[in-house]
Amino acid sequence: MKYTRLGRTGLKVSRLCLGCMTYGIPDRGKHAWTLDEERSRPLIRQALEAGINFFDTANAYSDGTSEEIVGRALRDFTRRDEIVLATKVFMPMSGDANGGGLSRKAIMREIDNSLRRLGTDYVDLYQIHRWDYHTPIEETMEALHDVVKAGKARYIGASSMYVWQFAKAVFTSRQHGWTEFVSMQNHLNLLYREEEREMLPFCADQGIGVLPWSPLARGRLAREPDQDSDRQRTDEFGKGLYVQMAEADRRVIEAVGEVAMARGVPRAQVALAWLLHQSPVTAPIVGASKPAQLEDAVSALSLELSREEIAALEQAYIPHDVVGFS
């Protein structure tokens, strides 16, 4: 396993982060394709044995049961100080008027609920899941600062928003001397590269770590263009990300297949290797429901792509509508 620092911090994380949305009680929440605890634990153990020390979940994944499953597994399989644990806040967790969002009330309630479910007294990275259009950013950033000063989180991060919003949050914190975001978890892969226009340059300039989600485009980059999976058929959020496969997208997927065939490796390794070559990507967030998927992710760390291969993978891309911010 390879390790790197998260942005400008001194925190060392593995170059792969295990995304834990896959783990949760299937009939809790919107993800019918998740794995229950019995099937989740071997994959979490496998990730640890491979040297992955970075684990990402969220309060809303499977109605909180992802945090519970991940928390129990990590307590059983490793020491708390040896791992970097991340979770998120924003999505509605109850039907009451203050059940979601990024108000002080919501943040203070949800950090305590997440810590209880995870079975720990702090998280290493506490992230806002989306932008809250109804709460002043000053209120959100001061509340997050207080969470850090209370010892309930070591660092804070953000996920999926416009660059003007992220910049506003960063400079609001800087203006007041509050804790600043150290990471951006955004939608980035060979089929969706709109983040290259502004978000990646901003993060590089500000020394902010980048943690791409959906690095394989919900599995589309790991198989033939016309193939699908159980998850793809039932993943309503994913359907909104990739509404219609453009001819250019098919050519990108075919290019992945051609490079993979020439190298004698699975497609997933090529797609992940491309992402790992991008600056300032810190650690792609990989999901795994099968042991082979984790094996491919780890193997991608050793796959060095040539300039010609990278150009071939990127050549067919066309601009896409901005998606994933809601």
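## The sheet

Eight strands line up as an open sheet in the order E9-E8-E7-E6-E5-E4-E3-E10, with parallel pairing. Strands (E, at least two residues) and helices (H or I, at least four) are DSSP runs, numbered from the N terminus, and two strands pair if DSSP finds at least two bridges between them. E9 and E10 are the edge strands, each pairing on one side only. This is a predicted model, where local features need pLDDT of at least 70 and side-chain atom pairs count only at pLDDT 80 or more, while totals for chains, interfaces and linings use all residues. Residues are numbered from 1 along each chain as its sequence is written, and side-chain values use heavy atoms, leaving out hydrogens and water.

For a closer look, start with strands E6 (residues 123–128) and E7 (residues 153–159), which run parallel and are joined by five bridges. Tyr126 has Ile156 in E7 as its bridge partner. Helix H4 (residues 137–149) packs on the sheet, touching E6, E7 and strand E8 (181–185). The direction of H4 makes about 150 degrees with that of E7; axes are lines fitted to C-alpha atoms, for helices over the stretch in contact, and angles run from 0 to 180 degrees between N-to-C directions.

## The nonpolar cores

A nonpolar core is a set of buried Ala, Val, Leu, Ile, Met, Phe, Trp, Tyr and Cys residues joined through side-chain atoms within 4.5 Å. Buried means under 20% relative accessible area, exposed over 50%, and partly exposed in between (1.4 Å probe, protein chains only). The largest such core holds 89 residues, of which Leu18, Tyr23, Phe55 and Phe166 touch the most other members. Helix H10 (residues 267–276) gives the most to this core, with eight residues.

Leaving aside neighbours within four places in sequence, Leu18 is in contact (heavy atoms within 4.5 Å) with residues including Tyr23, Ile44, Phe55 and Leu294. A second, separate core has twelve residues, among them Leu11, Phe54, Ala86 and Ala283.

Most residues other than glycine have a negative phi, and most peptide bonds are trans. Here are some exceptions to look for. Ala217 has a positive phi, near 55 degrees, and Arg218 has a positive phi of about 55 degrees. Ala217 lies in the loop between strand E9 (209–210) and helix H7 (230–234), and Arg218 is also found in the loop between E9 and H7. Ala217 is buried, with a relative accessible area of 0%, and Arg218 is buried at 12%.

The bond joining Ser279 and Pro280 is a cis peptide bond, with omega about 5 degrees. You can find Pro280 in the loop between H10 and strand E10 (285–286).
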